[in-house]
Amino acid sequence: MPVIELHHISKSFKVATRSSGLANAFKALFSREYTTVQALDDISFTIEPGEIVGYIGPNGAGKSTTIKIMSGILVPDRGQCRIMGYTPWRDRATYVRHIGVVFGQRSQLWWDVPVIDSFELLRDIYKVPLPEYRRSLDQLTETLELSCLLRTPVRQLSLGQRMRCEIAASLLHNPDILFLDEPTIGLDAVSKKAVRQFIRTINQERGVTVILTTHDMQDIEALADRIIMIGKGKLLIDGKLGELRSRFGSQKTVTIDYRTRQDQAADALPDILGTEAVHLADGRAVILVDTDRTNISEVLGKVTDHLEVLDVTITSQPIEEIVLNLYKEHQL
Amino acid sequence: MRPPRNLKRYLSVFRIRLAYSLQYRTAALAGIATQFFWGFLLIMVYSAFYSSSTSQPPMSLPQLVTYIWLQQAFLAFIMLWFRDEELFGLITTGNIAYELCRPGELYGFWYAKLLAQRIASALLKCLPIMGTAFFLPKSYQMMLPPDVLSAGLFIISLLLGLLVLVGISMFIYISVFYTMSPYGSLLLFNVIGEFLAGMIIPVPLMPDWLQDIVYLFPFSWTADFPFRVYSGHFHHTEAAVGIMLQLIWLTVLVTLGRLAMKQALRRVVIQGG
């Protein structure tokens, strides 16, 4: 039984436009021109309880709009959305109790007061019973290492510290679903790792369903079992990360270190192997092998026939590149 | 008596906003200085008018002086231009997204915030101003209310007036959903509202036909009415009737405001991605 169901959701925005220049600005005083931007166009998907779904797409693809529709903030033009039996925008007041939302670029904490004050306020707003709140807070404090941050005013926190507090704030009321809109934006490597680890933990321990938008493919790699990709408002791909990798990530990078000898010119290597070379230098060659077309062991065989190999490394294509290629393929 | 649990949510917002605003002591000090300046200035101007007046004015000079000091002390309770930049920011930058995914009504949260902000500002200012004004030389001195009942009615009408005022100011914030800039509606509300509330010329000093117009609007119930209850210009029964009218205005304003907010939220566009 899916926890989230979207059927044919569409949403468009009217945007006032004018060309540059004073004359046009003056003209716009009297008649404005509007263009309609189709932010979402017939989006449908279902998500099962306990899944972590990475929702990806280039800037302006409609990721945030989808999150806003799913969290009951925006009303779509067409389509149905059922989440835990609720229609988000219609049953907003009762529905939002079951979800937590983090908007990475915004803040829900009160700027000038200690973090704990904001938490207490949220406890009252969500009417969380005291024992449950305590338990929740203790757990969050421990896993997100907040104990020394709680008494500090928000304005004195670093971005990473604040983001940890933001995430904790969204989970105080024990939601069943967590929407994360770019939770790792602007964070350093350590904070990113902490945030990822935490998301994994609450997903496994509390069974929270997580929908996550991000531009950081490492987030996806570390967290998501499944990705949904949209572009220009259309749903392009919906599948397991592994499938995606085997379908689109057939290229391997082979790095060969070899002993240089006069009679062996490395320049000849691509012709011999019938593959593409990325980088050729004395003593080192980096080549791309498409496993759909050539067998990797065959390539390696030829390499050892021709060169005195010292070391070989084979790496799969990083997910980042796969996604980039996908964007290119769909002309985004 | 325990407040109902739904109310507690809004009380909590009220409490944090109050604590938040009470931090700004320097701003309060500067405000107090400004208010003294205005108070003296207005009293001097009116004294000059009164001394050259040939007819019997509808309000005695000591009553007027008290009226002016009350205006200055409770400026935060009566001024429409007293605004919460944070709320405007929420709408125009899109941070409102968070507020919208909370259970409860946005109207209630914002109402509580605005109320707390005004109360905090008044708490910081009213005691020093009134405390000083009672001990000024004779012609600038603030009077005590004529009797205890008037004092009690004053407090009730002042607080109700505050609730009415916040009800009015909510419309300024709601209008920002449509205009994206608060300044137009602020200006409009300020100019009309302050005049009709008797902030520019005290209502009793207006010509009769203008007073009739003033009483058609809610503005005079926020400032003019409680101050005249204090000075004894309105007697006990008049005051009681006025308080009933304040309650009616409050109900009307809040009901309309909530409807308008719902309507605005249906077509809301969250700004900035």
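At what angle do the axes of helix 3 and helix 7 of chain B cross? I looked this up in the model, which is predicted. The axes of helix 3 (residues 61-73) and helix 7 (residues 106-133) of chain B come within 8 Å and cross at roughly 155 degrees. Angles over 145 degrees count as roughly antiparallel, so helix 3 of chain B is roughly antiparallel to helix 7 of chain B. I noted the crossing of these two helices as right-handed.

Next I listed the residues in contact. From helix 3 of chain B, B:Trp69, B:Gln72 and B:Ala73 meet B:Lys125, B:Cys126, B:Ile129, B:Met130 and B:Ala133 of helix 7 of chain B. I recorded the classes in this contact as six nonpolar, one polar and one charged.

I then turned to the interface. I found 21 residues of chain B in contact with 24 residues of chain A. On the side of chain B that touches chain A, helix 1 (5-21) and helix 6 (96-100) of chain B are the elements giving two or more residues. Helix 1 of chain B supplies the largest share, eight residues.

Last, I inspected strand 3 (residues 52-56) of chain A, where five of five residues are buried. A:Ile52, A:Gly54 and A:Ile56 point one way, and A:Val53 and A:Tyr55 the other way. Strand 3 of chain A pairs in the parallel sense with strand 7 (residues 209-213) of chain A over four bridges, and with strand 8 (residues 226-231) of chain A over four bridges. For A:Gly54, I noted A:Leu212 as bridge partner in strand 7 of chain A and A:Ile227 in strand 8 of chain A.

Note on methods: Residues numbered from 1 in each chain as written. Chains lettered and ligands numbered in written order. Predicted model: local features only at pLDDT ≥ 70, side-chain atom pairs only at ≥ 80, totals over all residues. Axes fitted to C-alpha atoms, helices over the stretch in contact; angles between N-to-C directions. Parallel < 35°, antiparallel > 145°, perpendicular 65-115°, else oblique. Left-handed = near helix turned anticlockwise from the far one by under 90°. Contact = placed C-beta atoms within 7 Å. Nonpolar A, V, L, I, M, F, W, Y, C, P; charged D, E, K, R; others polar. Buried ≥ 20, exposed ≤ 12 C-beta atoms within 10 Å, placed from the backbone. Pairing = 2+ DSSP bridges.
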